[in-house]
Amino acid sequence: MSSPHETIIAPSILAGDHSNLISSLQQIEKSGAPWVHLDIMDGHFVPNLTFGPQTVQALREQSNLFFDVHLMLDNPHDYVDAFIKSGSDQITIHVEPNYCVNETLETIRNNQCLCGIALNPDSPVELIRPYLNLCDIVVVMAVQPGFGGQNFDKQVTSKIQLLDRWRYELDLNYRIEVDGGIDSETGKLCRLLGADTLVAGTSFYKSTDKKSFVSNLCATN
Ligand code: DX5
Ligand code: ZN
């Protein structure tokens, strides 16, 4: 099946220069990628820390990119309001922690923000099925969340295919985003399987010609 959506590349600012995030944001703007992916980590759900709503808001004031905010938190329900206020365009929460996922997705939606559900590599895809009708996007993690620069786990390819099939069978319209280990090769593979949104951190910031990197990942052949 082919995705009903145009392909979008969402460079992850996690792999940017944290002493100069504005310049990292501008590099995304210049590349032609319409989204920036912002990874929020709490040191509990994942073994790393990044930044919070204050940083997201400060970046928001400097950019018109679409802010794709990925919350890797044990208690996302306690923080969605702050991330909505900070100017997120889309907020993704993980299915694994113990909290009311439905209610949290609804809070995001009711505040004119797009919402998504994210799935760790070792979580079965069936876990997110009950939430698909509430989601604008589904995020398939192809690495254990917490750090950039890890290798793509090919075992997630069957999840992408199944989510693509469910999208068709259930007549839903969610995007399928793959996050972790995306480069020109793994990105093309994901697209072939039905993904339409690719997060690229390390490969994006390492590429010397970011415009070509982005357009190659979006190219149809
Ligand atoms: C990992 C993050 C990813 C990360 C991807 O926990 O969710 O978004 O930035 O980085 P790369 O593309 O380097 O794997
Ligand atoms: Zn992410």
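**Reading the site around ligand 1**

Trainee: How many Å separate a polar side-chain atom of Asp-39 from an oxygen atom of ligand 1?

Mentor: The distance is 2.8 Å. Keep in mind that this model is predicted. A pair of N or O atoms counts as a polar contact within 3.5 Å, so the Asp-39 pair qualifies at 2.8 Å.

Trainee: How far from an oxygen atom of ligand 1 is a polar side-chain atom of His-37?

Mentor: Here the distance is 3.3 Å.

Trainee: How much of the accessible area of ligand 1 does the protein cover?

Mentor: Start from the ligand on its own, with 380 Å² of accessible area. The protein covers 99% of that.

Trainee: Which residues come nearest to ligand 1?

Mentor: The shell takes in residues with a heavy atom within 4 Å. There are 20 of them here, and Asp-39, Gly-146, Asp-179, Gly-201 and Thr-202 come nearest. By class, eight are nonpolar, ten polar and two charged.

Trainee: Which strand gives the largest share of that shell?

Mentor: Strand 2, with three residues. That strand spans 35-41. Strand 3 (66-72) and strand 8 (197-200) also supply at least two residues each.

Trainee: In which pocket does ligand 1 sit?

Mentor: In the largest one. That pocket holds about 290 Å³ of space. Its lining has 24 residues, and Gly-148, Gly-149, Gly-180, Gly-181 and Gly-201 lie nearest the centre. Gly-201 is also among the residues that come nearest to the ligand.

Trainee: Which elements each supply at least two residues of the lining of the largest pocket?

Mentor: Strand 2, strand 8 and helix 7, which runs over 202-206. The lining divides into eleven nonpolar, ten polar and three charged residues.

Trainee: What volume has the second largest pocket?

Mentor: About 240 Å³. Its lining has 14 residues. Nearest the centre are Lys-188, Arg-191, Leu-192, Ala-219 and Thr-220.

Trainee: How do the residues of the lining of the second largest pocket divide by class?

Mentor: Four are nonpolar, seven polar and three charged.

How values were computed
Residues are numbered from 1 along each chain as its sequence is written. Chains are lettered from A and ligands numbered from 1 in the order in which they are written. This is a predicted model: local features need pLDDT of at least 70, side-chain atom pairs count only at pLDDT 80 or more; totals for chains, interfaces and linings use all residues. Side-chain values use heavy atoms; hydrogens and water are left out. A polar contact is a pair of N or O atoms within 3.5 Å; within protein, one must be able to donate a hydrogen and the other to accept it, and residues adjacent in sequence count only if both atoms are side-chain atoms. Accessible areas come from the Shrake-Rupley method with a 1.4 Å probe; for residues, only the protein chains shown count as cover. On a 1 Å grid over the protein atoms alone, a cavity is a set of points where a 1.4 Å probe fits but cannot get out, and a pocket is an open set with protein on both sides within 12 Å along at least five of seven lines; lining residues have an atom within 4 Å of a point. A molecule sits in a cavity or pocket if more than half of its atoms lie within 2 Å of its grid points. Helices (H or I, at least four residues) and strands (E, at least two) are DSSP runs, numbered from the N terminus. Ala, Val, Leu, Ile, Met, Phe, Trp, Tyr, Cys and Pro count as nonpolar, Asp, Glu, Lys and Arg as charged, and the others, Gly among them, as polar. Grid points are joined across faces, edges and corners, and a volume is the space filled by probe spheres set on the points.
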